[in-house]
Amino acid sequence: MPEIISLNQISKTYERKIALSSLSFSVNKGESIALIGPSGAGKTTLLNIMASILTPDEGEIFIDGSPLSDFKDQRKRAKKIGVIRQQFDLVGELPVIHNVLAGRLSDWGVFKSLLSFLIPQDKQYAVKALERVGLMDKLYDRTSILSGGEQQRVALARLLVQNPEIILADEPVASLDPARAEDILDLLANIAVEEKQTLMASLHSVEYAKKYFDRIIALKNGEIFFDLPAASVTDAHIASLYKLKEQA
Ligand SMILES: Nc1ncnc2c1ncn2[C@@H]1O[C@H](COP(=O)(O)OP(=O)(O)O)[C@@H](O)[C@H]1O
Ligand SMILES: [Mg+2]
């Protein structure tokens, strides 16, 4: 499998706090990676840098061999990289279908995008996506009345409509109860496989990381603590990752 993402010595410091320290790794097309590590390890900072939300102080990122800065244009970037978050980023006042169609904004001209808030365009895309996530009956419901799990399904449907090559997910299930969380992770992992997408998601749960992902990158203090196939991660690895202080 060819390489799709390459990070070369990425560093980021907030005032005096080092969030990422010379981080390097690469990702092959179609890999699914869970990013784990204690609070403050740098997971969100890393995902935000990869999504161009933050700029690193040092280092380079290549997507399909081109520097990330080549994807400044939002439409061009949206075809490559899609983002999903803990707080779904949906417009609660709008019907479900409008939120799903927002995934197509990158393909539309400005006029059509504005019009879409009055007349849902390309409805078939949204219908298909909502079918896939099991929300066909909620097409015209106001998004804010849906449960947390349903709202995250709407966000997944929007991602299906966007259909980026890479999905970056920051704690996508942190606000859901365990049953709902597993539903969403199962769906996300399946979508990524079926659409041949590359997936990278930060997670609190080591159990879910091992169950739904192929590879686990553990961060601690802004550095890679381990980077292993999910099946090779042992309880001892996890215990030392989350240990508060190194023993003398
Ligand atoms: N905007 C910010 N200003 C100052 N420090 C920050 C900011 N965002 C994150 N940090 C610090 O950077 C480190 C990494 O944070 P973060 O990437 O959010 O970690 P994680 O997502 O793994 O919990 C932490 O020590 C955090 O306190
Ligand atoms: Mg975080």
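By class, how many nonpolar, polar and charged residues does the shell around ligand 1 have? Before I answer, please keep in mind that this is a predicted model, in which local features need pLDDT of at least 70 and side-chain atom pairs count only at pLDDT 80 or more, while totals for chains, interfaces and linings use all residues. Residues are numbered from 1 along each chain as its sequence is written, chains are lettered from A and ligands numbered from 1 in the order in which they are written, and side-chain values use heavy atoms, with hydrogens and water left out.

The shell has 4 nonpolar, 5 polar and 2 charged residues, with Gly counted as polar and Ala, Pro and Tyr among the nonpolar class. Its members, each with a heavy atom within 4 Å of the ligand, include Y14, K17, P38 and the run from S39 to T45. Helix α1 (43-50) gives the most, with 3 residues, and β2 (17-28) also supplies at least two.

Turning to polar contacts, that is, pairs of N or O atoms within 3.5 Å, an oxygen atom of ligand 1 lies 2.5 Å from a side-chain N or O atom of T45, and a backbone N or O atom of G40 is 2.7 Å from a ligand oxygen. Of the 560 Å² that ligand 1 exposes when taken alone, the protein buries 62%, as computed by the Shrake-Rupley method with a 1.4 Å probe.

Finally, in helix α7 (178-194), which has 17 residues, the buried positions (under 20% relative accessible area, 1.4 Å probe, protein chains only) include I184, L187, L188 and I191. Among the elements covering the buried residues of α7 are α5, α6 and β8.

How values were computed:
Helices (H or I, at least four residues) and strands (E, at least two) are DSSP runs, numbered from the N terminus. The expected span of a helix is 1.5 Å times one less than its number of residues. Buried means under 20% relative accessible area, exposed over 50%, partly exposed in between (1.4 Å probe, protein chains only). Contact means heavy atoms within 4.5 Å. A polar contact is a pair of N or O atoms within 3.5 Å; within protein, one must be able to donate a hydrogen and the other to accept it, and residues adjacent in sequence count only if both atoms are side-chain atoms.
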